[in-house]
There are 2 protein chains.
Amino acid sequence: VKPTLTDIMRSAIEDNLKQVVYSALKDSAPELCHMMAYHMGWEGEGRGLDAQGKRIRPLLVTLSTAAAGGDWRKALPFATAVELIHNFSLIHDDIQDQSTTRRGRPTVWVKWGQALGINAGDTMFTIAHLAAINGDTWLSQDVRLRGVRIIDQVCVALTNGQYLDISYEKRRDLTEADYWPMVTGKTAALLAGCTELGALAAQVSEDRQKTFHSFGLALGLAFQVQDDWLGLWGDPQITGKSSASDLVAGKKTLPVLLGIQANGAFARRWAAGPIAAEEAEDLAETLKVEGVQVAVESTVEKLTREALTHLRVAVVENAASRALQEMAVQLIRRQN
Amino acid sequence: VKPTLTDIMRSAIEDNLKQVVYSALKDSAPELCHMMAYHMGWEGEGRGLDAQGKRIRPLLVTLSTAAAGGDWRKALPFATAVELIHNFSLIHDDIQDQSTTRRGRPTVWVKWGQALGINAGDTMFTIAHLAAINGDTWLSQDVRLRGVRIIDQVCVALTNGQYLDISYEKRRDLTEADYWPMVTGKTAALLAGCTELGALAAQVSEDRQKTFHSFGLALGLAFQVQDDWLGLWGDPQITGKSSASDLVAGKKTLPVLLGIQANGAFARRWAAGPIAAEEAEDLAETLKVEGVQVAVESTVEKLTREALTHLRVAVVENAASRALQEMAVQLIRRQN
């Protein structure tokens, strides 16, 4: 079978990721390097494709560059940087949420302890910057500086989204208005950064870079709302999580906030305190009856249309733009 | 009283720090901004000069620029960046060590919890990068890119030093050879980065930039070994810590490692297990008798001579180079 453009990109991205991580650390800090390589899925028990994740974010970068008419190989330093930023945030997230497994393996902090886990995240963050800074061969100084600035602005949004998410945990007075800044920071800002960085590497006009940004932002929001949908109404056989698991975890998802706003049976039950696993499925059904499922689905539809409209305006017609559109639709329509 | 050059720099640095932190966060993330401002000593209970720290690292940057014959104001973006890097590492250190107070106030994680504390450190790290990247007005693209690369290489060293420090906690088989990479990463790399960044901002030759780097590196090592000396033999009335507190904490300081190497009474006691507060002073005396204090003092002397030799080669004779030499000597000779 002939490999697709996306396959070729995925393989180049993986090579570049390894090159950056190993060249920055292998000689100077071999043990720290092993922690990075473990988290990235390259070393240790359970290593391999399943442990590596889907590399969605770097693919968004390179596909955007090619869909803008540029040479996607030039975007590899940015692609590598965003994937490392994503993984730095996962390492710290797992400590903040006290999650014990990720992609089927023990999390970094479970294996090495919390102190070394925090430190491993900091290292990953540092290397992400080095990846973008060191792209000498492919990108001009101006493009690299602009790229690093985009990455840092994404990180400010990311940490603010994380701040909101953590500080929402103990609050029961939230509304839909509190939802959008949180998920924009936590999820959509990074996806918007990816598509914008791709356009920057292609050196299209600033207007078109902004359109790519808008595409990624709407895509990221649609992706997150769909994630919320799956956490409530997804098929446990496909998602691999127990049904309506987000309700039991007490997450402030869009369905929950809309349910509170509906001020019916769900809102009364939610106000009464934590939800047990046995009642979760019934409550998910209550939300359906109260019209929340339909509202969430129409939000996903609206955001998807918005994303695809921006995409059509931004790209040139080629194999990459078709692959990018396909990937966007798959991300939103996914069932797990 | 006419303010000294160092006073003028200190005030400009504080202004720039505030400008960078507030402009990056105040509108987009006001609560996260308050956490930063609290840690920096500007807001919250106990704010003020004592809570701000001495700003040694940014002063090393600006003094180095001026001592190299350059305009120190151009180095402010780098000065601000290194101080924010230092403070990011303090926020995470406090979590890793579970320290409850810093500069006489509750640490960030004690006030906001561990999850938000990790996140605040990540935010500080991000803003440090933005500070260096955004110095458009003063520095060329080339100088900024080189500067950010130096900062990231320092951070790799910093996280590796932290890795070694944490992983040494449970080890009893360490020798002097294990000490130097740890303190080079934890302390000296950042000071070397400061003096190098100062020289870079002055745009002197790469050779002279390297000499500034060597000055900062030797200064940082001397500073750390003196810190170890104080932790064992410092006057509790002046250091504010109980006597020989480092022994009780089980820290792998240079005196401890030399004491193990001496293979006498101290080494036997150390091998037997944790040291109680009541026996710490006697053991510090044992180390003196075994010749460790003299060895540590001659190490400080050697490193100080090395630092001052590099400094003399690197600088031009002016008010800044005199202030820089004075600051270096004060840092090493300090009693607390």
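1. A quick word on terms: contact here means heavy atoms within 4.5 Å. Please also keep in mind that this is a predicted model.

2. Let's begin with the core. The largest nonpolar core has 233 residues, and L84(A) and L84(B) touch the most other members. Apart from neighbours within four places in sequence, L84(A) is in contact with L17(A), V20(A), V21(A), M40(A), M124(A), I127(A), A128(A) and A131(A). There is also a second, separate core of six residues, with I95(A), I95(B), W109(B) and I118(B) among them.

3. How are α7(A) and α8(A) oriented relative to each other? Helix α7 of chain A (residues 114–133) packs against helix α8 of chain A (residues 141–168) at an angle of about 155°, and their axes are 9 Å apart. Angles over 145 degrees count as roughly antiparallel, so α7(A) is roughly antiparallel to α8(A). The crossing of α7(A) past α8(A) is right-handed.

4. Which residues make that contact? From α7(A) come F125(A), H129(A), A132(A) and I133(A), while α8(A) brings R144(A), V148(A), I151(A), D152(A) and C155(A). Sorted by class, the contact of α7(A) with α8(A) has six nonpolar, one polar and two charged residues.

5. A271(A) and D173(A) are 98 residues apart in sequence, and their C-alpha atoms are 9.3 Å apart in space.

Notes: Residues numbered from 1 in each chain as written. Chains lettered and ligands numbered in written order. Predicted model: local features only at pLDDT ≥ 70, side-chain atom pairs only at ≥ 80, totals over all residues. Heavy atoms only, no water. Core = buried A, V, L, I, M, F, W, Y, C linked by side-chain atoms within 4.5 Å. Buried < 20%, exposed > 50% of the residue type's maximum accessible area, 1.4 Å probe, protein only. Axes fitted to C-alpha atoms, helices over the stretch in contact; angles between N-to-C directions. Helix = DSSP H or I, 4+ residues; strand = E, 2+ residues; numbered from the N terminus. Parallel < 35°, antiparallel > 145°, perpendicular 65-115°, else oblique. Left-handed = near helix turned anticlockwise from the far one by under 90°. Nonpolar A, V, L, I, M, F, W, Y, C, P; charged D, E, K, R; others polar.
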